[in-house]
Amino acid sequence: MKRYKLTIMYDGKDFCGYQIQPNRRTVQGELEKVLSFLLKEEVKTYASGRTDAGVSALCQVAHFDTDFELDERRLISSINALLPKDVKVTSLKQAEEGFDARFSVKRKTYQYLFYVSKFDLPLYLGRALRINEYANLEKMNEACKYLIGKHDFTSFVARKSGKTDFVRTIFDAKIKPVSADLYALEITGDGFLYNMVRIIFGTLIGVAYGKIEPQEIENIIDAKSRSKAGKTMPAEPLLLKNVEYI
């Protein structure tokens with residue numbers, strides 16, 4: 001049995017998330033359908049984690065097992081010829097011994113994209129969240145520092161999460177410019193809870209508008225109460241930027 005590692009890029013706008021669901025269009029569903037057709041056997045993929053409906057990925061990682069010795073260059077061309085235009089495999093190679101797309105992950109990086117403007121900008125519609133021009137980005141960045149470290153992030157997880165362990169380590173979090181008027185909350189951690197990044201960004205918006213002081217992030221974390229954090233922001237501006245295994 002051989003294991004192959006896939007790197008996948010997708011636009012999440014028209015998907016009901018990554019994970020396969022009955023009678024719904026998902027990234028995993030599209031990928032497994034094509035792989036099963038090409039390899040003429042049922043193929044099951046395992047990803048680094050699931051992304052919610054509307055969330056996109058620059059670099060999702062998955063693996064699958066097969067008895068076949070695959071021509072990787074030829075197969076990736078065949079896969080992408082059959083996949084729909086909003087999902088493509090950007091890399092395919094035989095995995096190292098012991099590799100597991102989910103359990104071998106060391107770090108993940110997400111970006112939440114936003115722009116500062118008095119009005120909606122056409123090219124960012126559905127891609128980035130608009131915030132008002134009086135938002136204080138410096139205070140947002142200051143607040144990010146309180147997220148770094150190992151914490152119980154109960155305050156930043158959706159109530160319907162099935163998890164019981166809410167402790168995660170954030171290695172880095174910052175507000176960074178992407179282009180002239182486009183910015184991102186870029187956050188790297190060992191893992192993320194359901195809606196965690198979207199709730200964190202909703203809380204940082206409160207900081208940007210002066211409703212919360214940056215240092216209050218510490219109190220929100222310590223409270224371990226979802227009611228203390230900000231709103232869950234829309235999914236579409238969220239991007240899985242990178243998954244690291246070393």
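A pocket is an open set of points on a 1 Å grid over the protein atoms alone, where a 1.4 Å probe fits, with protein on both sides within 12 Å along at least five of seven lines. Lining residues have an atom within 4 Å of a point. A volume is the space filled by probe spheres set on the points.

The model is predicted, and totals for linings use all residues, while local features need pLDDT of at least 70. Residues are numbered from 1 along each chain as its sequence is written.

**Exercise 1.** Describe the largest pocket.

Solution. Step 1: its volume is about 1200 Å³. Step 2: it has 41 lining residues, and Ser48, Gly49, Arg50, Arg102 and Lys163 are the closest to its centre. Step 3: helix H4 (196-208) is among the elements that give two or more residues. H4 gives the most, three residues. Helices here are DSSP runs (H or I, at least four residues), and strands are runs of E, at least two.

**Exercise 2.** Describe the second largest pocket.

Solution. Step 1: its volume is about 290 Å³. Step 2: 16 residues line it, with Lys5, Glu96, Phe99, Tyr245 and Ile246 the closest to its centre. Step 3: strands S1 (2-10), S3 (56-66), S4 (87-94) and S10 (238-244) each supply at least two lining residues.

Technical notes. Predicted model: local features only at pLDDT ≥ 70, side-chain atom pairs only at ≥ 80, totals over all residues. Heavy atoms only, no water.
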